[in-house]
Amino acid sequence: MKKLLLALFAMALLAAFTTPVDAAKKMKKPAMKKAKKKAPAGVSLKLKGFYRVRAFSANNLDQDEDNNDSTQGIDSLIRPNFLTTVGKGHIKARWEIDWWEASGTVADDKGAKSNRVANANAVWGQNGGGRVGVGTNRWHIDFAIPGSALRMRMGREDYTSPDREIFDSAGSNRKPGIGLYGKLSKNMSLSMFMVRAGTHIPDKTKNLVGGEDENKDSYFAALGIKVSPTVTLTPWVAMHRDGKGKSLTYAALHAKTKVGIFGLNASGVSVGGDAGPGVDASGWAFLLRSSASLGKMKLLANLTMFSGDDSDATEEGNFSKLMPNAGDIQGGILTTGRGNIMTVDANERVYGQKTRDGRYGQVNGVFAADVGVTYQVSKTLNLGAGIYVVQSAEADDEGDEDFGTELDVGMIWNIYPKLQLRAGFAYLAAGDYGANDKDDSWYTAVSLRHIF
């Protein structure tokens with residue numbers, strides 16, 4: 001009996017392994033192709049990123065030569081990015097690590113020098129008892145919604161407005177959130193997101209309206225409409241709350257076109273709501289960005305206009321203070337923009353910006369015009385120069401509006417396809433706005449970047 005059972009078991013095993021093979025052989029070719037389409041899609045994993053070392057030096061950023069406010073330093077940043085993709089991109093997941101280390105000296109408004117050290121020392125290990133400065137810069141899961149052309153994204157990412165300046169990142173909206181975006185039709189697209197920075201629990205140290213627990217969050221919705229093959233209009237609305245009584249609502253229209261060698265982007269934005277407890281918000285902005293490509297040369301011209309505050313205690317009209325701690329309005333010393341003619345990534349801790357609340361914090365509203373040019377000398381070398389004229393929208397007590405004129409020069413040298421050297425110099429000729437006898441200031445930086 002035992003031998004019979006063993007024989008039956010062996011025959012069962014043989015049938016189990018051979019039947020699928022025989023069935024596959026008998027399957028017709030169309031059926032085989034259909035079966036392959038239903039098979040699970042493959043998963044790919046890609047690693048990319050960059051490693052950057054940067055040295056910088058600046059002086060008189062407070063525009064007062066009597067204060068010893070010179071700043072020098074060197075920092076390094078490595079940012080590996082892991083991206084997993086399923087099939088043809090139905091599911092994507094990204095994790096981007098950020099390791100930043102810096103050291104140098106910086107002086108306060110009174111000229112007192114202090115060391116400027118961030119995170120751990122990448123060479124010698126922990127510095128001054130601090131922990132190793134490794135963190136997450138971005139992470140998300142992004143997937144296609146079945147039965148539609150829309151996608152959903154959940155995680156810590158850049159959720160941006162179409163102008164990529166007013167409700168842009170600079171890290172401010174690089175917080176955990178949920179986004180919905182994609183095509184609604186051939187000529188219409190949708191973009192929506194909600195970013196939650198946290199909640200404030202009321203206590204004796206918080207100055208919240210009525211002592212309420214108010215969320216700190218941003219909401220955004222945009223509808224892109226392609227009105228012609230070359231023109232796209234995008235109306236958008238947004239809301240931002242800072243958890244301390246500020247509740248701002250935005251309404252805007254963005255227009256984008258490109259005809260031949262010319263490109264143009266324009267945005268008009270209005271903001272209202274509450275600038276704080278008992279203070280109404282009423283501001284506006286107009287942005288114009290244009291470019292023209294002429295062979296190896298590219299011409300740039302930009303206009304930035306922000307409303308100013310008319311000193312009404314019950315109303316805040318200074319648009320730079322009504323920005324949701326976001327935006328990358330381009331420039332050099334005057335702003336903390338990441339992109340400029342200088343071509344060196346801005347270091348917002350040492351530019352002539354008193355605070356991060358808005359990008360033109362030293363003026364009451366702004367009228368800024370700039371022109372620039374970049375020229376490709378060779379396949380590996382690009383040169384650039386630009387001039388920025390900045391005025392305050394509202395005059396100071398002496399009736400002056402001219403904040404200053406800035407000149408930027410820079411270069412990008414691609415030493416190898418994956419190794420890039422950037423260098424730049426910015427000089428600000430101070431105007432009369434804000435204080436008498438202001439001094440000129442300057443900033444220079446060199447950056448070596450390896451892209452992998």
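This briefing describes the overall make-up of one protein chain and some of its side-chain arrangements.

The structure is a predicted model, in which local features need pLDDT of at least 70, side-chain atom pairs count only at pLDDT 80 or more, and totals for chains, interfaces and linings use all residues. Residues are numbered from 1 along each chain as its sequence is written, and side-chain values use heavy atoms, with hydrogens and water left out.

**Chain as a whole**

- Of the 452 residues in the chain, 39% are buried, where buried means under 20% relative accessible area, exposed means over 50%, and partly exposed lies in between (1.4 Å probe, protein chains only).
- The accessible surface of the chain is about 24500 Å², and carbon and sulfur atoms account for 60% of that surface; accessible areas come from the Shrake-Rupley method with a 1.4 Å probe, and for residues only the protein chains shown count as cover.
- Among contacts (heavy atoms within 4.5 Å) between residues at least 6 apart in sequence, 54% join residues at least 24 apart.

**Aromatic rings**

- Rings of Phe, Tyr and Trp (its six-membered ring) pair if their centres lie within 6.5 Å, and a pair is stacked with planes under 30 degrees apart, edge-to-face over 60, and tilted otherwise.
- By this rule there are six aromatic pairs.
- One of them is the stacked pair of F82 and W95, with 5.9 Å centre to centre and 25° between the planes.
- This pair links distant parts of the chain, since F82 belongs to strand β2 (residues 71–86) and W95, 13 residues apart from F82, to strand β3 (residues 91–107).
- F82 is partly exposed at a relative accessible area of 29%, and W95 is partly exposed at 43%.
- Y159, F193, F220 and W236 are linked into a cluster by ring pairs.
- The charged end of R449 sits over the ring of F50, 4.5 Å from its centre; this term requires NZ of Lys or CZ of Arg within 6 Å of the ring centre and within 35 degrees of the ring normal.

**Two strand residues**

- S218 lies in strand β9 (residues 215–228) and is buried, at 3% relative accessibility.
- The side chain of S218 makes a polar contact of 2.9 Å with the side chain of H240; such a contact is a pair of N or O atoms within 3.5 Å, and within protein one must be able to donate a hydrogen and the other to accept it, while residues adjacent in sequence count only if both atoms are side-chain atoms.
- Y416 lies in strand β18 (residues 402–416) and is exposed, at 55% relative accessibility.
- Y416 and H450 are 34 residues apart in sequence and 9.2 Å apart in space, C-alpha to C-alpha.

Conventions
Helices (H or I, at least four residues) and strands (E, at least two) are DSSP runs, numbered from the N terminus.
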